[in-house]
Amino acid sequence: MSFSPATPAVAQTSTINAADTAWMIVATALVLMMTIPGLALFYSGMVRKKNVLATMAQSLAAVAIISILWVCFGYSLAFVGDGPWIGTLDRWFLIGVTMDSVNPAAKTIPEALFMLYQMTFAIITVALVAGAVADRMRFSAYLLFAIGWFMFVYVPLAHWVWGGGFLATMGVLDFAGGLVVHLSAGIGGLVAATVMGRRHGYGSDNLSPFDLSLAVIGTGLLWVGWFGFNGGSALAASPRAVMAITATHLAACAGALTWGAIEWATRRKPSVLGMISGAIAGLGTITPASGFVAPWHGIVIGVVAGLVCFWACTWLKHRFNYDDSLDVFGVHGVGGMTGTLLAGVFATSAIGGTAGLIENNPQQVLIQLYGIAATLVWSGGVTYVLLKLVSAFVPLRVSLQQELEGLDISQHGEALQ
């Protein structure tokens with residue numbers, strides 16, 4: 001890494017803006033907060049008591065490992081160079097990053113800050129996948145899988161969509177991660193859950209959450225962090241950032257109310273788990289569209305998210321009998337897919353510079369469908385291959401005895417009292 005004082009010539013031509021820089025520092029902190037402690041609490045509150053620490057450990061490990069790998073080569077391959085498939089290694093280990101250097105994608109903030117902001121996205125995407133195989137994945141296998149999944153799924157997708165790759169060239173809209181984050185993690189989680197098989201006692205034993213209050217706190221941290229996730233994706237302290245945050249908040253509210261209303265109508269009681277699931281569904285679904293749509297579109301997208309994701313987490317999951325432990329596919333996969341498609345419907349040229357179906361540009365919907373298909377095929381296929389490769393070195397899941405006694409003890413030698 002090369003940090004050096006600005007020379008007079010560089011300082012005169014610098015485009016770095018103080019307000020944009022300040023906002024993006026805050027946004028970076030907010031998105032990191034989404035993983036630790038946000039996702040760690042959200043996930044651990046929904047597993048059984050014997051697996052709480054092990055679930056938290058997966059989020060913590062993702063932060064540590066992906067941060068180092070991002071600096072080593074991830075940032076450079078994703079955001080440096082304009083090849084259709086992958087970037088270059090010109091910035092590996094941040095070589096050439098100076099006090100005043102900027103990335104062409106974010107010309108008003110320091111390149112190091114842009115690198116850090118994008119790092120937080122990579123971290124939470126890898127951490128999200130783990131929720132689908134909670135309660136049964138060996139920690140050593142998770143570490144190997146996380147490294148491989150980051151290298152071969154996340155980095156290429158980030159380049160394709162945000163780094164000037166072929167999906168960006170086609171005009172695919174994904175403001176903050178409907179494809180790169182949510183759909184990729186969702187389909188990756190579904191494949192992982194299918195390959196690893198169901199938890200012992202799934203469908204017969206009581207697998208209810210240990211402490212939903214932790215999950216509610218985690219939801220709150222994720223919700224607030226999403227302001228940095230979607231608002232920060234404007235990469236500036238701008239009106240577009242404000243519009244993205246507004247649509248994001250309204251979508252979360254609509255998703256929570258819709259999911260709760262469905263439960264109230266069908267089960268006579270709106271559950272806390274349902275309401276927080278609806279909120280996260282709304283947040284994930286608005287993500288790809290947030291910087292392209294008007295606030296009222298956020299409400300519509302949130303309602304659709306509540307309906308579609310509820311269906312995916314209940315009827316669809318029971319119909320195919322797969323054990324996606326924490327509904328990563330049902331919420332993030334289906335939500336990311338739905339939001340990416342709706343971005344093509346509701347995109348407003350006055351906000352994001354691109355017209356969607358409602359502004360007489362039906363072609364955008366087809367472009368969005370292509371992006372969805374590419375992400376499904378790549379993430380699903382590579383996840384399957386990676387799991388098979390990892391299993392050749394270490395078992396993917398713990399033994400039956402270890403699963404029964406809990407991953408806290410068997411994987412980490414610790415337990416909640």
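Trainee: Which helix gives the most to the lining of the second largest pocket?
Mentor: This is a predicted model, in which local features need pLDDT of at least 70, side-chain atom pairs count only at pLDDT 80 or more, and totals for chains, interfaces and linings use all residues. Residues are numbered from 1 along each chain as its sequence is written, and side-chain values use heavy atoms, with hydrogens and water left out. Helix 4 (111–129) and helix 5 (139–162) each supply at least two residues of that lining, helices being DSSP runs of H or I with at least four residues, numbered from the N terminus. The most, 4 residues, comes from helix 4.

Trainee: How do the residues of the lining of the second largest pocket divide by class?
Mentor: Ala, Val, Leu, Ile, Met, Phe, Trp, Tyr, Cys and Pro count as nonpolar, Asp, Glu, Lys and Arg as charged, and the others, Gly among them, as polar. On that basis, the lining has 14 nonpolar, 2 polar and 2 charged residues.

Trainee: Which helix gives the most to the lining of the largest pocket?
Mentor: Helices 9 (239–267), 10 (272–286), 11 (295–320) and 12 (328–346) each supply at least two residues there. With 5 residues, the most comes from helix 11.

Trainee: Is glutamine 58 buried or exposed?
Mentor: Glutamine 58 belongs to helix 3 (residues 52–79). Leaving aside residues up to four places away in sequence, it touches Ala130, Phe139 and Tyr142, where contact means heavy atoms within 4.5 Å. Buried means under 20% relative accessible area, exposed over 50%, and partly exposed in between (1.4 Å probe, protein chains only). Because its relative accessibility is 8%, glutamine 58 counts as buried.

Trainee: How many residues has the largest nonpolar core?
Mentor: A nonpolar core is a set of buried Ala, Val, Leu, Ile, Met, Phe, Trp, Tyr and Cys residues joined through side-chain atoms within 4.5 Å. Those with the most contacts inside the largest one are Phe42, Trp70, Met137, Phe150, Tyr154 and Phe229. The number of residues in this core is 121.

Trainee: Over which residues does pLDDT stay under 50?
Mentor: The predictor's confidence in each residue, pLDDT, runs from 0 to 100, and its mean for the protein is 95, with 97% of residues reaching 70 or more. Where pLDDT is low, the predicted coordinates should not be read in detail. That caution applies to the stretch where pLDDT stays under 50, residues 1–13.
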